Amino acid sequence: MKHSFFFALVFLVPICILAQQSELDITVIDTETGDRLTFVPVQVSPGGASGTTDEQGKLRLMLAPARYTIRASFTGYAIYEKVILFDADRKLTIRMEPEAELLETIVVTDQNDRLELQRAQMGVERLTAKELESIPSVLGERDVLRSLQLMPGVTSAGEASNGISVRGGTIDQNLLLLDGAPVFTPTHLFGLFTVFTPDAVGGIDLYRGNIPARFGGRVSSVVDVQSKTPSSDSPIIKGGIGLVSSNLGIETPIGQSGKWKLLAAARGGFNDFAFSLIKRLENTRSRFGDATLKLRYRPTDNDLITLSGFYSGDFYQVDLLSSVGGVAATVNQYAYLTLNGGLEWTRLLGENYSLSTRLTNAHFAPELRFPQVDESLITFASGIDQQSFRTALSRGGVGNHSTSIGLQLDRYTIKPGDLDPGECTNVLPTLLERERGIEAAIYLEDEWTIGDRLTIGSGLRYVQYRQLGPGEQRLYGQGDEITDRTLESVLLFGAGEVLQSYAGLEPRLGLSWAFTANSSFKASYARSRQYLQNIYNATTPLPTSRWKVADNNVVPQTADLVSAGISHVTPGGNYAFRLETYYRWLNDLLEYKPGADFFLNPAVETDLLRGSGRAYGLELTAARRTGRLTGEINYAYARVENQVNGNSFGSRINRGDWYPGYFDQPHTFSANLTLDEGKTHELGFNLIVQSNRPSTIPNGFVQINGSDVPLFLERNNARLPLYHRLDFSWTIHNFRRQRRQWTGDWVFTIYNVYGRDNAYNVFFQPRNAGTPALGIFGGSPFAAYRLSIFGAPVFSLAYKFTLVRK
């Protein structure tokens with residue numbers, strides 16, 4: 001196996017004959033100060049050549065004679081792009097303009113669109129900090145996940161959801177990263193906000209097609225969020241005061257040497273007073289906060305070290321539920337804690353090579369609290385810790401290749417759940433067994449440009465997974481149904497022993513063919529596996545859901561995705577169009593049995609079923625990039641279907657036929673538009689119209705001991721009513737448009753402008769005379785009732801400011 005893997009890697013690296021080349025000498029400077037900028041990434045296309053400026057702000061590349069597009073991007077500066085004709089040795093000065101000083105409205109240009117024509121990557125969405133600002137905000141906040149939900153193929157699990165669905169995938173099938181460390185719960189305030197500190201977000205990459213080989217562990221998508229790298233030579237203070245939340249951030253150099261720079265930002269929201277104004281929500285409470293810290297150190301000309309930290313905390317209380325898992329309470333209280341940290345070292349090895357090494361730690365600790373009438377407190381606590389090591393050697397600017405090879409190691413420890421009764425004597429304490437797993441992976445990526453029109457991106461990832469002790473392995477009898485009755489034996493393993501192992505190759509391949517100067521065709525294939533699952537029998541995880549490592553009974557999910565599409569940018573760059581289609585197969589999909597209860601269940605596999613899944617669709621995008629009115633209009637046709645077809649009645653769902661998945665939303669239309677009304681006003685509009693999620697309705701009812709009981713025979717046999725919503729934002733920029741130290745914006749927003757009463761869920765209960773209901777099921781005594789989260793417009797006002805100290 002080792003030899004096969006070695007030869008696979010060797011075969012993957014293409015070999016080509018290089019043409020006669022000349023030297024391009026690049027210098028990158030700040031337009032205002034004239035200072036040379038270090039560690040600035042520069043890309044050259046076509047050809048795939050790239051590199052990073054050294055301590056003197058210089059970069060040398062060897063190129064063959066041709067027409068090239070030079071692109072440079074750096075946090076805190078506007079993106080630079082220029083087309084040159086290169087036929088001999090020459091020098092090029094790149095002048096980058098600081099964004100912190102730009103007071104005019106920023107519009108998204110065609111730079112990314114033209115580069116996307118040449119990249120072999122498919123299904124990629126890239127948003128910079130400035131592009132996030134240009135998307136209309138919701139409740140005065142620039143929000144990562146809300147912005148992504150305006151992209152084709154990305155939908156929400158609901159208005160109070162805990163994440164996103166990408167091309168029909170479930171919430172836990174997305175790998176969500178912040179500076180390389182996973183974030184397991186990405187939302188605040190019942191799912192309304194994402195946890196990322198707004199003033200600290202530098203950019204976002206969403207991969208939903210042929211995911212690069214450097215990423216692994218999820219079968220649907222990767223959302224790679226990068227915090228800003230502090231680079232300013234002058235202190236910059238940003239902040240905002242709003243009705244929902246307030247935030248403050250600072251970016252500043254430390255000392256006189258210029259080697260140390262700091263970014264620190266924090267946000268907090270305290271909304272108890274707002275809920276107390278509404279009678280039915282008077283017992284609802286919500287408080288949240290997050291903070292990001294990043295320290296940059298440049299010890300030598302060729303080294304860059306960054307230390308990052310992230311905190312997110314939530315507390316909320318609701319009285320909609322009176323018990324969970326049989327534990328009763330006066331109200332239910334939920335608390336979340338995320339605490340991540342990372343250390344990264346990047347070293348330049350000559351002109352074309354760089355080595356990057358990163359260590360991260362992610363800690364997630366949800367807690368469910370049950371206050372009792374006698375003022376005692378019962379708590380249920382779970383959690384997950386993940387430590388990661390990454391190292392990668394990259395080569396750019398050599399011929400027509402850009403190559404990277406890397407090694408990765410992930411170790412996670414899961415606490416499925418501990419129930420602490422406190423002073424309550426009628427509840428027994430419970431401690432579920434800890435679970436441990438480790439993933440070791442090696443990968444190779446290569447982008448090869450052949451001529452002026454064809455680019456091939458290839459990647460190969462090999463993963464070795466092991467479930468580690470101490471722990472127990474439960475063995476069940478022959479057959480496809482796992483129950484308590486079929487348990488045959490339990491094997492015990494000591495610390496460090498291997499309970500179960502899996503391994504496999506994950507190839508990734510993509511190509512881009514520019515059949516005209518402004519149009520390209522792309523196709524791709526990718527395989528991925530998921531060894532870490534989040535188990536829950538709802539559309540969005542709750543604090544009672546649990547993470548689960550792959551073992552002998554819970555097999556890793558495997559997905560194969562093929563996609564193809566066409567992109568076009570008009571010659572003037574004013575408009576961009578894109579069409580993509582895809583098909584994904586999913587094996588060993590996890591489903592749950594009817595009535596499944598994972599709360600304090602030591603053997604969750606007895607409530608799980610294994611099946612297959614398929615997702616397919618078509619995505620259309622039309623964008624206007626210049627002018628007073630800019631934005632995007634997207635449409636997606638997407639289907640998601642599951643099949644669980646076991647050999648017995650208990651191991652089948654819907655008779656073994658294909659049925660809609662939980663995020664089967666066939667039609668989605670979204671538009672985000674920004675109208676620049678000159679130098680002072682900016683109006684933004686977000687419109688979303690989509691088929692709502694499938695739901696389950698009873699097939700009839702039976703009488704048991706004189707009581708009517710609904711009878712559910714099929715899963716996902718109905719659909720929630722159509723979902724649609726319009727959001728509006730009005731930004732009043734600083735009235736004085738000249739350059740000065742203090743600038744400020746007023747941001748007024750309306751979420752759900754026309755008060756659409758969208759259904760979050762539909763539930764059934766005995767008909768109550770005089771109570772409005774969605775409808776009556778036949779002549780049964782049951783009626784369907786709608787549960788809505790925001791059935792009225794939500795207004796917000798915030799003031800955002802920036803202070804630049806010279």
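Before we start, one term: a strand here is a DSSP run of at least two residues, and strands carry the letter E and are numbered from the N terminus. Keep that in mind, and keep in mind that this is a predicted model.

Let's open with a loop. Pro470 sits between strand E31, residues 454-468, and strand E32, residues 471-476. From Gly469 to Pro470 the bond is cis, with omega near 10°. For context, most peptide bonds are trans.

Asn654 lies in the loop between strand E41 (629-643) and strand E42 (659-660). Asn654 is buried because its relative accessible area is 11%, and the cut-off for buried is under 20%.

The second one is Asn752. Its phi is also a positive value, near 65°. Find Asn752 in the loop between strand E50 (742-751) and strand E51 (761-766). Its relative accessible area is 0%, so Asn752 counts as buried.

Asn716 is in the loop from strand E47 (707-711) to strand E48 (718-719). With a relative accessible area of 5%, Asn716 is buried. How far apart are Asn716 and Tyr659 in space? The C-alpha atoms are 7.1 Å apart, while the sequence separation is 57 residues.

On to sheets. Strands of a sheet pair through backbone hydrogen bonds, parallel or antiparallel. E8 joins strand E15, residues 201-207, through 5 bridges, and the two run antiparallel. Within that pairing, Glu125 has Leu206 of E15 as its bridge partner.

Next pair: strand E36, residues 532-535, with E37. They are antiparallel, over 4 bridges. Asn534 stands opposite Trp547 in E37. Now, which way do the side chains of E37, residues 546-549, point? Arg546 and Lys548 go one way, Trp547 and Val549 the other, and all are buried.

Trp547 brings us to rings. Through ring pairs, Trp547 belongs to a cluster with Phe184, Tyr316, Tyr334, Tyr336 and Phe364. The count for the model is 19 aromatic pairs. Take Tyr799 and Phe801: their ring centres are 6.4 Å apart and their planes are at 25°, so this pair is stacked. Both Tyr799 and Phe801 are buried.

Arg614 lies over the face of Trp658, 3.9 Å from the ring centre. Arg715 has its charged end over the ring of Tyr592, at 4.4 Å from the centre.

Last stop, the surface. Which residues form a nonpolar patch there? Leu511, Trp513, Phe515, Phe521 and Ile566, with about 430 Å² of accessible area together. Trp513 belongs to strand E34, residues 498-513. Trp513 is partly exposed because its relative accessible area is 42%.

How values were computed: Residues are numbered from 1 along each chain as its sequence is written. This is a predicted model: local features need pLDDT of at least 70, side-chain atom pairs count only at pLDDT 80 or more; totals for chains, interfaces and linings use all residues. Side-chain values use heavy atoms; hydrogens and water are left out. Buried means under 20% relative accessible area, exposed over 50%, partly exposed in between (1.4 Å probe, protein chains only). Two strands pair if DSSP finds at least two bridges between them. Patches are made of residues with over 30% relative accessible area and no salt bridge: like charges are joined within 9 Å, nonpolar side chains (Val, Leu, Ile, Met, Phe, Trp, Tyr) within 5 Å. Accessible areas come from the Shrake-Rupley method with a 1.4 Å probe; for residues, only the protein chains shown count as cover. A salt bridge is a side-chain nitrogen of Lys or Arg within 4 Å of a carboxyl oxygen of Asp or Glu. Rings of Phe, Tyr and Trp (its six-membered ring) pair if their centres lie within 6.5 Å; planes under 30 degrees apart count as stacked, over 60 as edge-to-face and the rest as tilted. A charge sits over a ring if NZ of Lys or CZ of Arg is within 6 Å of the ring centre and within 35 degrees of the ring normal.
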